Amino acid sequence: MYDRDVDVPRLVAGYRLDEETPPEALTETARRVASAIGTRFNSVGLNYYRDGRDSVAPHNDHLYEIVEGHPIALISLGATRLMTIRSKTRPRRILDLDVEGGSLLLMSYETQLHYDHGIPKSRVPVGPRISIALRVRPR
Ligand SMILES: O=C(O)CCC(=O)C(=O)O
């Protein structure tokens, strides 16, 4: 994953919106977010964190898999999880963010150049969470 070996204990799925027909709820979610922020997504990824043992290690999105200038939208459903956002270079900056169910996090293209993001495991019991990742991918 992401040209590196990273820990990905979570369930994932994805659709190309321009080539496949995902469930209507996903198409509608992509349409609404795109219209609110003025872009047009062509990819939807789904990440299912069953409990606190599921996680994703810090990473940035592959730059060749996203189109420059377009943001990545992350919609959270279900349990609140911690997301860590860390700068890649000094001065080191770490932002710990609670991504709550019903929230929308927008990451700019530039964020992927300078920051890694991840969902660490949780020692405290936590319920399931799904994140919907909307992206503009090259054809
Ligand atoms: O679950 C999240 O909010 C993060 C998802 C993520 O980092 C990814 O799909 O690359």
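This is a predicted model: local features need pLDDT of at least 70, side-chain atom pairs count only at pLDDT 80 or more; totals for chains, interfaces and linings use all residues.

**Exercise 1.** Find what the salt bridge between aspartate 18 and arginine 139 ties together.

*Solution.* 
- Step 1: Look at the two side chains. Aspartate 18 and arginine 139 meet in a salt bridge, at 3.1 Å from N to O.
- Step 2: Aspartate 18 sits in the loop between strand E1 (11-16) and H1, while arginine 139 is in the segment after E9, so the bridge ties together parts that are 121 residues apart in sequence.
- Step 3: Check how open each one is. Aspartate 18 is partly exposed at 33% relative accessibility, whereas arginine 139 is exposed at 85%.
- Step 4: Look for further partners. Arg16, Asp18 and Arg139 are linked in a network of salt bridges.

**Exercise 2.** Work out whether aspartate 54 is buried or exposed, and do the likewise for its salt-bridge partner, arginine 50.

*Solution.* 
- Step 1: Confirm the pair. The closest N and O atoms of aspartate 54 and arginine 50 are 2.7 Å apart.
- Step 2: Take aspartate 54. Its relative accessibility is 4%, and buried means under 20%, so aspartate 54 is buried.
- Step 3: Take arginine 50. With a relative accessible area of 41%, arginine 50 is partly exposed.

**Exercise 3.** Describe the salt bridge between lysine 88 and aspartate 116.

*Solution.* 
- Step 1: Get the distance. The closest N and O atoms here are 3.3 Å apart.
- Step 2: Locate the ends. Lysine 88 belongs to the loop between strand E5 (81-87) and strand E6 (94-99), and aspartate 116 to strand E8 (residues 115-119), so this pair ties together parts 28 residues apart in sequence.
- Step 3: Lysine 88 is partly exposed at 27%, and aspartate 116 is buried at 17%.

**Exercise 4.** Figure out what the side chain of asparagine 42 reaches.

*Solution.* 
- Step 1: Find the residue. Asparagine 42 is in the loop between helix H1 (24-37) and strand E2 (43-49).
- Step 2: See how covered it is. Asparagine 42 has a relative accessible area of 10%, which means it is buried.
- Step 3: Follow the side chain. It reaches the backbone nitrogen of arginine 137 at 2.7 Å.
- Step 4: Beyond four places in sequence, the contacts of asparagine 42 include Tyr15, Leu17, Asp18 and Val136.

**Exercise 5.** Name residues that touch the most other members of the largest nonpolar core.

*Solution.* 
- Step 1: Go to that core, which has 13 residues; Leu74, Met83, Val99, Leu105, Met107 and Ile119 touch the most other members.
- Step 2: Ask where core residues come from. E4, E5 and strand E7 (104-107) each supply at least two.
- Step 3: Zoom in on methionine 107. Leaving aside neighbours within four places in sequence, methionine 107 is in contact with Pro71, Ile72, Leu74, Gln112 and His117.
- Step 4: Look for another core. A second, separate one has 12 residues, among them Val33, Ile75, Ile132 and Leu134.

**Exercise 6.** Contrast serine 131, buried at 3%, with leucine 77, partly exposed at 39%.

*Solution.* 
- Step 1: Serine 131 is found in strand E9 (residues 129-135). Its contacts beyond four places in sequence are Gly45, Leu46, Asn47, Tyr49 and Ile75.
- Step 2: Leucine 77 has its place in strand E4 (residues 72-78). Together with Leu11, Tyr48 and Ile130, Leu77 makes a nonpolar surface patch of about 310 Å².

Terms used. Residues are numbered from 1 along each chain as its sequence is written. Side-chain values use heavy atoms; hydrogens and water are left out. Helices (H or I, at least four residues) and strands (E, at least two) are DSSP runs, numbered from the N terminus. Buried means under 20% relative accessible area, exposed over 50%, partly exposed in between (1.4 Å probe, protein chains only). Contact means heavy atoms within 4.5 Å. A polar contact is a pair of N or O atoms within 3.5 Å; within protein, one must be able to donate a hydrogen and the other to accept it, and residues adjacent in sequence count only if both atoms are side-chain atoms. Patches are made of residues with over 30% relative accessible area and no salt bridge: like charges are joined within 9 Å, nonpolar side chains (Val, Leu, Ile, Met, Phe, Trp, Tyr) within 5 Å. Accessible areas come from the Shrake-Rupley method with a 1.4 Å probe; for residues, only the protein chains shown count as cover. A salt bridge is a side-chain nitrogen of Lys or Arg within 4 Å of a carboxyl oxygen of Asp or Glu. A nonpolar core is a set of buried Ala, Val, Leu, Ile, Met, Phe, Trp, Tyr and Cys residues joined through side-chain atoms within 4.5 Å.
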